[in-house]
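This report walks through a few local features of one model.

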Amino acid sequence: MIAFQERVLELTKKLVQHPSIVGTIGERDMAYLIHEILNDFSYFQEHPHLLKLVPTRQDECERYNVLALVKGTASQSTETVILMGHMDTVDVDDYGRWKHLAFSPDELMKIWKKNDIPKLVAQDIESGDYVGGRGVLDMKSGVAINLALIEYFSQNPEQLHGNLLFVSECDEEDNSKGILSALNDIQRFADDENLKYIAAINSDYTSPRYDQDPNRYVYLGTVGKLLPTFYVVGKETHVGQAFEGFDPNLVISELTARLNYNTDFCDEMFGEVTLPPVSLKQSDLKKKYDVQTPKSAFVYYNFFVHSWSPKKVLERLKEAATGAFELAITKYHTQYRQFCELSGHAYIHEEIKPRVYTYDEFYQQCLERFGVEFEQKMLLYAMNLLNDQHLDIRDYSIKMAEELWKEGGDAEPVIILLYASIYIPRVVLDETDHRDQRLIDAVNQGVSEIEPHCEHPIHVRKFFPYISDMSFVAISDDEDEVQAFERNMPAWGVKHQINMDAIRQLDVPVINIGPYGKDAHKQWERVELHYSMEVVPNLTLNVLKHLLGRLKPSS
């Protein structure tokens, strides 16, 4: 084992001490800092063209990615492995009265030790093997690991068969504009330096999977994420004549009852199961209070996938939405009848049909009815919406659905099913694919060699369970399945753009070997030192050894 811990800890603290909250000027300055650290390596002073600070493209913020290439001299191989990790963090409001110490790990530890903090946190801190701070786990320790590996191989290129490309990207915590922009720069490096990318190793954080979980984890591939959204139109009425209308929130409530935490929508593959859907926001679209029931409402859900494509998810959710709509209608009529019996009013049955369309289905209907003029009006509306800087991609998508219904809808209730946020693709390593199997074998060999030096068992699993930029270096869905997403995401190509061709061109199998800790995105975020800063870099080195070829023993 090479002694990495002291250097990785030093780099981790240096990175944590520079705030880089996503969307702030600190995120920009973090790229400067990482570039400065790399520029101090003698290798990049001798080869300055192999170190790049690159601005993101089509981005409302000024921010940068950092790329650095180390060429091995043990052979003339063009094979190259990407070491990747994001430099941004979430905000620090959750630190409360210790907010001012969120970026000062040593001072924060002193304060935690003096105060009454949760028992499990206190136990970790008292062990001396944990340190806290914003980004210390997610994921500046991971970036520090990659920096230490790049430093090591820049000093010992004769030990490296092939090449290593360091990529530290911004904006992972928001819309992944960092990695999406970096794809072109990664490809340009390949063209300029004659590189053949064979794999990517991400160093995002890992955590316990359950209470008292003793294991540490390596992941092959990653979970995918979608944000299916239901735009629901009802019939507004004065609350004094409640049954003369139809409340869209009744439909929304049935949707949430049917989908929230429903394990029927857990996606199982290779014996691993995603979390079920959960609602992230639901609201009607009234702009102010009055005594009229709302005309429309929406709800969107987090939806993880292992094997299901965006097309498959739409099919399943359309069926679920139809069932929820039917139940809402039944409840409405049942309650209306009971009210009439109680009040002595005459029951007047009005037919409500459970109409459910995908966004693309209704768009195509409108196009057939109204022709090119409709298409031009929708495009003009989409472009004009861009002028509203306060609209995020989700609000933008819902407004597009609202406008679509205004253009082609009627006065009767409906559900329009769409995607309101970016597709974070699932990545599945296929054992029948030579490149994937080569990486899987390297991981298994690397783990078997390092595990005797680790206090805890190291388990290899198929899917990284958190959202990460791993999703944008390969894609497991075919073109038809991805197009089903594109056609049903109103912001696609206008408010939101992904160069799918660039992802397919890179298309490298990707794994995650990252630091271990607890409470990422929370006040008690902390990283375990020995495993994260000693075992992980050595494990990554062993995987590189088996993946790229023999590494000569260090002197």
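A salt bridge here is a side-chain nitrogen of Lys or Arg within 4 Å of a carboxyl oxygen of Asp or Glu. The model is predicted. It holds 36 salt bridges. Side chains of opposite charge can pair when their charged atoms come close.

## Salt bridges

| Pair | Closest N to O distance |
|---|---|
| Glu 407 and Lys 377 | 3.1 Å |
| Asp 519 and Arg 526 | 2.7 Å |

Arg 188 and Asp 185 both sit in helix H7. They are 3 residues apart, about one turn of the helix. Are the two partners buried or exposed, or something in between? Arg 188 has 44% relative accessibility, so it counts as partly exposed. Asp 185 has 6%, so it counts as buried. The cut-off for buried is under 20% relative accessible area, and exposed means over 50%.

The next pair joins two helices. Glu 407 forms a salt bridge with Lys 377. Glu 407 belongs to helix H12 and Lys 377 to helix H11 (residues 372-385), so the bridge ties together parts that are 30 residues apart in sequence. Glu 407 is partly exposed because its relative accessible area is 23%. Lys 377, at 40% relative accessibility, is also in the partly exposed class.

The third pair belongs to a wider set. Which residues are linked with Asp 519 and Arg 526 in a network of salt bridges? The network links Asp 124, Lys 518, Asp 519, Lys 522 and Arg 526. Within it, the closest N and O atoms of Asp 519 and Arg 526 are 2.7 Å apart. Asp 519 is partly exposed, at a relative accessible area of 24%. Arg 526 has a relative accessible area of 2%, so it is buried.

## The second largest pocket

Rolling a probe the size of a water molecule over the atoms shows where empty space is left. The second largest pocket contains about 810 Å³ of space. It is lined by 28 residues. Closest to its centre are Gln 58, Glu 60, Lys 177, Lys 495 and His 496.

What is the make-up of the lining by class? There are 9 nonpolar, 10 polar and 9 charged residues. Which helix gives the largest share of the lining? H7 does, with 4 residues. Helix H7 (177-193) and helix H12 (393-408) each supply at least two lining residues.

## A nonpolar surface patch

Val 291 lies in the loop between strand S12 (278-284) and strand S13 (296-305). Its relative accessibility is 39%, so Val 291 counts as partly exposed.

## A contact across the chain

Ile 450 lies in helix H13 (residues 434-450). At 2% relative accessibility, Ile 450 counts as buried. The C-alpha atoms of Ile 450 and Asn 538 are separated by 7.5 Å. Along the chain, the two residues are 88 residues apart.

## Backbone points to check

Most residues other than glycine have a negative phi, and most peptide bonds are trans. The following points depart from that pattern.

The peptide bond from Asp 138 to Met 139 is cis. Its omega is near -15°. Met 139 is found in helix H6 (residues 136-155).

Which residues other than glycine have a positive phi? Asn 194 is one of them, with a phi of about 55°. Asn 194 sits in the loop between H7 and strand S6 (196-202). At 55% relative accessibility, Asn 194 counts as exposed. Gln 212 also has a positive phi, near 65°. The place of Gln 212 is the loop between S6 and strand S7 (216-220). Gln 212 is exposed, since its relative accessible area is 64%.

Key: Residues numbered from 1 in each chain as written. Predicted model: local features only at pLDDT ≥ 70, side-chain atom pairs only at ≥ 80, totals over all residues. Heavy atoms only, no water. Buried < 20%, exposed > 50% of the residue type's maximum accessible area, 1.4 Å probe, protein only. 1 Å grid on protein atoms, 1.4 Å probe; cavity = no way out; pocket = protein on both sides within 12 Å on 5 of 7 lines; lining within 4 Å. Points joined across faces, edges and corners; volume = space filled by probe spheres on them. Nonpolar A, V, L, I, M, F, W, Y, C, P; charged D, E, K, R; others polar.
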